[in-house]
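Entries follow in the order I looked them up.

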Amino acid sequence: MAIEVRIPTILRTYTDGEKSVEGAGATLDELFSDLDTRHAGLRDRVVDGGELRRFVNVYLNDEDVRFLDGIATKVADGDSVTILPAVAGGMA
Amino acid sequence: MRYDSPLAAVGNTPLVRLPRLSPSDAVSVWAKLEDRNPTGSVKDRPALYMIEQAEADGRLTPGCTILEPTSGNTGISLAMAARLKGYRIVCVMPENTSAERRELLTMWGAEIISSPAAGGSNTAVRVAKELAAEHPDWVMLYQYGNPANPGAHYATTGPEILADLPTITHFVAGLGTTGTLMGVGRYLREKAPGVAIVAAEPRYDDLVYGLRNLDEGFVPELYDGSVLTTRFSVGSQDAVRRTRELLQQEGIFAGVSTGAALHAALGVAAKAERAGERADVVFIVADGGWKYLSTGIYTAPTTEDAVAALHGQLWA
């Protein structure tokens, strides 16, 4: 089993149009690095200087990771990660 | 229970355990049945409280016109109270809300002004603010910024829950005006240290018309992030799936936003179960399913069919 990562429309240029891809890692940080080896440039659109980019929301099993441990949030096989663009001045 | 008038019968709703959806004896999920209010939704609480507060402040006097942006339930609650108290009411509502909501508002005597579907509730708020500027004599109670909205939940919903379930560990509700979460959240944080306050935010994804995520962000004036412990983003598919599970497994006939709250409630319940912790998770059943019957989601053969049936309708 792997970790399913759902990709928003605006980032599907990095995944050949795929709505979801699979990756591995013990944390979100590792997961995004793993994804970047197959989808070059994707990590940079989500992560900036070791933090989540301001206008990107990431959800682990639908829970906002900013309320967990951010990019250091632990993940495991079978989890589902969703990347969504945040609205400017959103609720986060 | 006996009350001196229908308006006095707001609140004091049942709290029921869900034996089939609860993960175990140690981790229980409880539903607060707010559909048992006089007009059938949780909004009866803030609507009545906002009106009575405005009356007490002298803002609302006999013959006044009330104006409110609403996706339905608050308007229905306000319209019922307005009829009994003798006010005129004008509601601004997105055009893609269900036919039942329009019928109910009209039935209670409200006048409806439709706002464009694009932008969802945000656009309704903007249109209402423009109307308020054009009609300075109209009274906009403005549920998104009126402290009496969370005030109603601080004074009634929170104390009811804690009295019924002193061992509560998690409180889960939909994130709309944020009134329920802010009011119940503040009350429980004061009285039940360690309680988690969990928001279930509707995700307006590909399936739903709302361009809310593409529009400028709208943060209700009432929102205070420090009250929340965590936040779930729930897609239409999960909201519809949980709404159907609640009906099929527990016999509770609820609206779609309740499915979203249940999804988050089951999410925190599963985490507690995995961590070997006991939990009493309370979530809000905001309204019954009656107003969504015409979508066909309750009788569609599969969740996929039900989601397709909901396509284009604003559900939260």
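This is a predicted model: local features need pLDDT of at least 70, side-chain atom pairs count only at pLDDT 80 or more; totals for chains, interfaces and linings use all residues.

I read along chain A and got the pattern β-β-α-α-β-β-β-β-β. That is two helices and seven strands, taken as DSSP runs numbered from the N terminus (helices are H or I, at least four residues; strands are E, at least two).

Residues are numbered from 1 along each chain as its sequence is written, with chains lettered from A and ligands numbered from 1 in the order in which they are written.

I checked confidence next: chain A averages a pLDDT (the predictor's confidence in each residue, from 0 to 100) of 91, and 92% of the residues score at least 70. Over residues 88-92 of chain A the pLDDT is below 50.

The C-alpha trace of chain A spans about 35 × 25 × 25 Å along its principal axes.

**Two helices in chain B**

I looked at how H5 (residues 148-164) and H6 (residues 179-191) of chain B pack: the angle is about 50°, with the axes 7 Å apart. Axes here are lines fitted to C-alpha atoms, for helices over the stretch in contact, and angles run from 0 to 180 degrees between N-to-C directions. So H5(B) is oblique to H6(B) (under 35 degrees is roughly parallel, over 145 roughly antiparallel, 65 to 115 roughly perpendicular, the rest oblique).

Conventions
Two residues are in contact if their C-beta atoms, placed from the backbone, lie within 7 Å.
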